[in-house]
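Here's a walk through one protein model, sheet by sheet and then out to the ligand. Have a look at the structure first.

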Amino acid sequence: MRTPQNVGVAGATGAVGLEMLAILEERGVPPVAVRALASARGEDRTVPFGGGDIPVEPLTADALAGLDVVLFATSAAVSSEFVPAAVEEGAVAIDNSRAFRMQPDVPLVVPEVNAHAAAEHSGILANPNCSTIQMVLALKPIHEAAGLRRVVATTYQSVSGTGLAATRELDEQTRAVLEGSPVITEVYPHQIAFNCLPHIDEFDDEGNAREETKMILETRKILELPDLAVAVTCVRVPVVRTHAVAVNVETEDDLSPADARTLLAEMQGVGVLDDPDAAAYPTQVGASGTDEVWVGRVRRDRSVEHGLWMWVVADNLRKGAALNAVQIAELVVDGLPL
Ligand SMILES: NC(=O)c1ccc[n+]([C@@H]2O[C@H](COP(=O)([O-])OP(=O)(O)OC[C@H]3O[C@@H](n4cnc5c(N)ncnc54)[C@H](OP(=O)(O)O)[C@@H]3O)[C@@H](O)[C@H]2O)c1
């Protein structure tokens, strides 16, 4: 396999794209090997990389020529158009949108959980939904030890999960409320500052939000448990960065909280922070900027025969998106990190 020279980041000016650039920089990828792509909006834009700035080029089929791997941090509509174009140009495409995740021939990968799934691909690999990534990392060791019977989860998702415009909206609304000015609502249907919205993505005929359905279907695909009972409620909370998920699991066999903590601590990519009496548990502020999925509040749920609760927290822009995408690229592209 050839040694990749060129890594493209499509959507490089967005919340996930900027984090991808930061992670490539941390990995020591030289600026000469990186190309930043975004919409044609705005002329002469640059993004920071390697201590300097690199130009932002419009994303076109021609602009994808010569790239060995392209990390897509674009909407499903943009990815649907340009991911196949990148593959056509000979690149491996790692896509963060929902566009390809459930296609049977597209691996949906969390490297610590199902790296083997990446072995066979036809040029496209998908990065799962952010809340799904952190939940499956915590579920995997529980399943291997005791067998999952049912999972019920409620998310507490930060506004950066919606993108940069939503982060600005929380900032502006918070200032407006504190200053007593009118609150302007553009990204979300209601004020998000000092509020929680049980509404992430569109609702279907049964009243499920698409984000909830994504978490159910993607969890089953990644864990290779097509019949697993999963129920989810997704909530947007006025937190800038990092998602939390309250996860309730019912298992086939008994698993004590102590054994679950030991297994979670041994799981690659997971950190356990669980001493409630000392107020030691993961928080969204505390986990921001870190690479681990943090688990705490592990305890029995005595309402069922074999039940456990967990509080699972991870930085949605790093492990929930950019870091996981870079890790997938490192799995499948020879020569990464460069
Ligand atoms: N945020 C998260 O935590 C997270 C987690 C997992 C997955 N994802 C997924 O990752 C993707 C990006 O999310 P985000 O949060 O980074 O959104 P974002 O902050 O809104 O960024 C969107 C990016 O897409 C670019 N873009 C928009 N229209 C384009 C076009 N026509 N051609 C090329 N580029 C275009 C934007 O460039 P301009 O500056 O030119 O507009 C920007 O770079 C989405 O599919 C999202 O669902 C996000």
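Which residue stands opposite Gly8 in strand 2? It's Arg35. Gly8 is a handy way into the fold, but a few ground rules come first. This is a predicted model, where local features need pLDDT of at least 70, side-chain atom pairs count only at pLDDT 80 or more, and totals for chains, interfaces and linings use all residues. Residues are numbered from 1 along each chain as its sequence is written.

**Overall layout**

The protein has nine helices and 13 strands; helices (H or I, at least four residues) and strands (E, at least two) are DSSP runs, numbered from the N terminus. Its radius of gyration, taken over C-alpha atoms, is 20 Å, close to the 20 Å that the globule rule gives for 338 residues, so the protein is as compact as a globular protein of that length. That rule is 2.2 Å times the number of residues to the power 0.38. Along the principal axes, the C-alpha trace spans about 60 × 55 × 45 Å.

The domain assignment (bounds come from an automatic or database assignment) gives domain 1 as 7–127 + 321–332 and domain 2 as 132–315. Their centres, taken over C-alpha atoms, are separated by 25 Å. Domain 1 puts 12 residues into the contact and domain 2 puts in 17; two residues are in contact if their C-beta atoms, placed from the backbone, lie within 7 Å. On the side of domain 1 that touches domain 2, helix 3 (111–114) and helix 9 (318–332) each give two or more residues.

**Two open sheets**

Both sheets are listed below; two strands pair if DSSP finds at least two bridges between them.

| Strand order | Strands | Pairing |
|---|---|---|
| 3-4-2-1-5-6-7 | Seven strands, open sheet | mixed |
| 9-8-10-13-12-11 | Six strands, open sheet | mixed |

Gly8 and Arg35 face each other where strand 1 (residues 7–10) and strand 2 (residues 34–38) pair in the parallel sense over four bridges. Helix 2 lies across strand 1, strand 5 (69–72), strand 6 (92–95) and strand 7, and runs at about 155° to strand 6. For angles like this one, axes are lines fitted to C-alpha atoms, for helices over the stretch in contact, and values run from 0 to 180 degrees between N-to-C directions.

Strand 10 (residues 243–251) and strand 13 (residues 307–314) run antiparallel and are joined by eight bridges. Val245 has Val312 as its bridge partner in strand 13. Helix 4 (residues 130–146) packs on this sheet, and its direction makes about 25° with that of strand 10. Helix 6 (residues 210–223) lies across strand 8 and strand 9, running at about 140° to strand 9.

**Around the ligand**

The ligand has 28 residues around it, of which Gly14, Val16, Ser39, Ser97 and Gly163 come nearest; a residue counts as near if its C-beta atom, placed from the backbone, lies within 6 Å. Which helix supplies the largest share of this shell? Helix 1 does, with three residues. Helix 1 (15–26), helix 2 (76–88), helix 5 (164–179) and helix 9 each supply at least two. Domain 1 and domain 2 each contribute at least three residues to the shell.
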